[in-house]
Amino acid sequence: MTEKKKTFEENLADLEEIVTNLESGNVPLEEAMEKFKKGVTLSKELEKTLSDAEETVTKVMTKDGEEINIKQDQNKDQD
């Protein structure tokens with residue numbers, strides 16, 4: 001049976017739980033290393049999700065259907 005993909009919020013809650021456990025200092029070294037690895041993986045997944053969302057939000061459709069990347073246009077204005 002395939003595991004359903006967790007939402008951003010569920011992954012964030014998992015990462016927060018891992019951080020809280022590791023900060024408590026009451027975790028055996030082997031378990032702490034596994035939790036740390038999982039935390040790094042979750043952090044990368046969350047960062048990618050946020051990056052993808054930011055990219056989507058910064059695009060706007062013109063009347064003729066052409067996409068404009070607002071972020072790139074702002075960078076051009078600053079040059």
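**Close-up 1. Asp14, a buried residue in helix H1.** Asp14 is buried, with a relative accessible area of 18%; buried means under 20%, exposed over 50% and partly exposed in between, using a 1.4 Å probe and protein chains only. Asp14 sits in helix H1, which covers residues 8–24. Helices here are DSSP runs (H or I, at least four residues), numbered from the N terminus. This is a predicted model, where local features need pLDDT of at least 70, side-chain atom pairs count only at pLDDT 80 or more, and totals for chains, interfaces and linings use all residues. Residues are numbered from 1 along each chain as its sequence is written, and side-chain values use heavy atoms, with hydrogens and water left out.

**Close-up 2. Who does Asp14 touch?** Leaving aside residues up to four places away in sequence, Asp14 touches Lys6 and Leu42, a contact being heavy atoms within 4.5 Å. With Lys6, Asp14 also makes a salt bridge, at 2.6 Å from N to O. That term asks for a side-chain nitrogen of Lys or Arg within 4 Å of a carboxyl oxygen of Asp or Glu. Lys6 is partly exposed, at 33%.

**Close-up 3. Glu34 and Lys37 in helix H2.** These two side chains meet in a salt bridge, 3.8 Å from N to O. Both lie in helix H2 (residues 29–57), 3 residues apart, or about one turn. Lys37 is partly exposed, at 48% relative accessibility.

**Close-up 4. Lys48 and Asp52, also in helix H2.** Here the closest N and O atoms of the salt bridge are 2.9 Å apart. Lys48 counts as exposed at 51%, while Asp52 is partly exposed at 34%.

Conventions. Helix = DSSP H or I, 4+ residues; strand = E, 2+ residues; numbered from the N terminus.
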